[in-house]
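Biologist: I would like to learn how to read a model of this kind, one feature after another. Could we begin with the overall form and then turn to the contacts?

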Amino acid sequence: MDRTIDMRNAKVENGRSKSETVDDVFTTSAPLSVNQEGEKLAFETPCDHLAKQMDRRQFVVISAAVVGGVLLCGLDGSAQRVSAEDRIVHIPLHFFDPDEAATVMAAASRIFPADESGPGAKEAGVVVYIDRHLAGPYGSDGHRYTQPPFESGVRELGYQGKATQAEIYREGLKGLAGFRLLPTAEQDKALTQIESTLFFSLLRQHTIEGMFCDPVHGGNVDMLGWQLLGFPGPRMSNYEDVDKHFGEAFRPDQVRLGGHPGDTEE
Amino acid sequence: MKTLPSVDVVIVGGGWTGLLMAKELGSRTTASVVVLERGGPRKTTDYFNTMDELENYVRLRMIQDFSSETVTLRHNDRQKALPLRQAGTFLPGVGTGGAGEHWGAVCDRMSPDSFELLSKTVEKYGSKRLPEDHAIQDWGVTYDEIEPFYSRVEKLIGASGKAGNINGTKIEGGNVFEGWRSSEYPLPPTKIPYFSALFDDTTKKLGYHPYPSPAATLSAPYVNPDGIARPGCTYCGFCERYGCMIGAKAQPTNTLMPVIAKHKNVSVRNGAWVRRVVFDKTGRNAKSRGVTYVDSGQEFFQPADLVVLASWTLNNTRLLLLSGVGEPYNASTETGTVGRNLTHQVSFSPVLAFFEKPLNRFMGSGAAGVLIGDFSGHVLDHAELPFIRGGTLQAPSHGYGPLGSFGAVPNSVETKWGSAWKKTAIHYYDRAGRLAFQGEHLAYKGNFMDLDPTYTDRNGDPLLRMTLDWRDNDRRMADFAIAKSIEIVRAMGATDFTPSRGLESYDARVYQSSHLQGGTIMGKSPETSVVNPYLQHWQLSNLFILGGSTFPQSSSARPTLAMLALTCRTADAIVDRYLKAPGLLAGS
């Protein structure tokens, strides 16, 4: 089968007026499984529905694969197969504004670029994952001890700052104004300059999370990150294989949470 | 505050030890028993859809919510302690089953001399080999006394392993350095994945004595003496930090709760956050009267004839300090007992090794692996070594997902992002393996717990303050483990490796283990311990304390099996002796 995916014209839109295309046309060959007979589903996704309820008008717009289709996940974790005819998927933004989302997409794509070793952060929908992560309890320190006084101590005691992850991103992104329009070499230079900041370490960590989390969290679209690694996802049993395949790669087909027959090429 | 109807027994904490005590009392007596658990209910079916690495491994869904309560830490009493604002070095459990739900389920026994560490070390080397500021103590029980209880809990959980010493006869293939066992493991060892098998082969060739990790994860279907049936492990790899969706990993919810549910005299009350032990301060006849707790903002007093604290090392200690039960330990005067002998474990990864061939690391279970006991404290000859005691070295295969493992590259790759890093990280993703060392952490006079003067929990109660740092004995033991590990991974055929930098200051950012111990330690004298060898409070005879908080110092074994064995011993003493004639079960 043709193992090519094209995430052409990924762009960010602010609902009413379509804004500029932010990414160059990109095509890559990757060990990607797509179901060519992908079942076409109604296009009104749970995301769109929720977005209307919330009266949010900001979206990331990603074109569907021209071959086969891609699997995207709604906010409730339900799978949405988008076939070629659907063309465009609107994913509502919950934390970033469109400009910030474009910057994060561009920066994450330099941390984990699409290149000869396979697709990268943009193709895996990392920005969607980070947007949801920051909008949720982890972005606002819902599970962190935040009682004052905030004092600095020895580094072994861990992060003692007051700023939440969401605040660190907001502040950090101000320093990346115009970043997404730079040539990649300039982008790399800009990231090298902030390499030792907390913002960058969060961005790097979240890029990896968005690449390799279960697709229910918005990233790892179509289990693309797992396919790069040969990680099979949540497989119920390895009983017959765990003490075999010594010294050789054992790479079962990927499965995902909430998956159902037809999600993969099995 | 609302006063509730009195019960015979109140148990604080619904984890391994609290629920084991509840099961024993519920099935062997008619006593009314209430378990107070501050987290929510959990059951096996909750885990059907939780093979989610982000939620469990990264976001720590199973772990205590640090926004409600944490601890503060300082390395010594000249530093100001600051709160651990996010989980890192250890992972306390919450909810029914506690940390017993997300544990790795390696269930090794402690070596016999661990229980008499002070006397055996002095006997072997003289007291001059003890670190100057040590606080090592004997436990007040011996291995021979505990062995029957070890055997009993191995049958309870369906331990899978290979004996190395049955009644004194050494058996090749098991841990030939272990203490005597009265019987073989209930089940054969779990399967051995490739990385661990490679370690097994290599260490055998090097003259060491590898053995399969004892596992509380079933190698085959099993029915325990309570009639509880559980299936064998499928090696899905979503194990430590996860609840087991099929119940192959022994957890309080699948091993104890089904029994407890059959006994109407026991109830588990979720959402009950215990704040104080209530007691009458009347000298020799002092008695606890029950506990107070808060549930959804409302305060309750639960009176009880017998109070059992089973709420993990840190919270057991904190409850005594908050309640004013016993005298807090004072490190400068070396008086008082509550909070003394805080130990963790010298648990770290001595080396990260890279291999040519893929390892298929996604397959495994929390307890699948191979260990060697050749570097254990009772095996090493320390005559020429710059430290005492030791630990076990393990090649674990607990199942690895990309969020926990992606990004490990040899030191020659200098960047941590971008194309070159990505390409190398993808290549090595399934070609990297870590050894794990787990060593004894000796007790020191300067490592202890008390109440923090500044920070409070969500109820406004002071947080527990840990004063904890490594000493030279720990650091030298770690350096020894690193040197030996490098020899071993080289012999395993590693093409490259990154050794650990060793122990510097205690680092709360890095996960080490959840094996914190001490604070309400057991011993032979009320001058130097909080509870007697039956885990009964020296002053309040109707107060019992269960779990790692009663361990005078850490051994190199994982503490869970010893906690369960000691809980069974205490349960027998309560059922057979205390309930018939309440009073102190042991003299000093």
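Biologist: Why does the radius of gyration of chain B agree with that of a compact globule?

Modeller: This is a predicted model, in which local features need pLDDT of at least 70 and side-chain atom pairs count only at pLDDT 80 or more, while totals for chains, interfaces and linings use all residues. Residues are numbered from 1 along each chain as its sequence is written, and chains are lettered from A in the order in which they are written. The radius is taken over C-alpha atoms, and the globule rule is 2.2 Å times the number of residues to the power 0.38; for 588 residues the rule gives a value near 25 Å, and chain B, with 23 Å, agrees. Its C-alpha trace spans about 70 × 55 × 55 Å along the principal axes.

Biologist: What percentage of chain B is buried?

Modeller: A residue is buried if 20 or more other C-beta atoms, placed from the backbone, lie within 10 Å of its own; in chain B, 60% of the 588 residues are buried.

Biologist: Why is helix H3 of chain A described as largely enclosed?

Modeller: Nine of the 10 residues of H3(A), residues 126-135, are buried, so the rest of the structure largely encloses this helix; among the buried ones are Tyr129(A), Asp131(A) and Arg132(A).

Conventions
Buried ≥ 20, exposed ≤ 12 C-beta atoms within 10 Å, placed from the backbone. Helix = DSSP H or I, 4+ residues; strand = E, 2+ residues; numbered from the N terminus.
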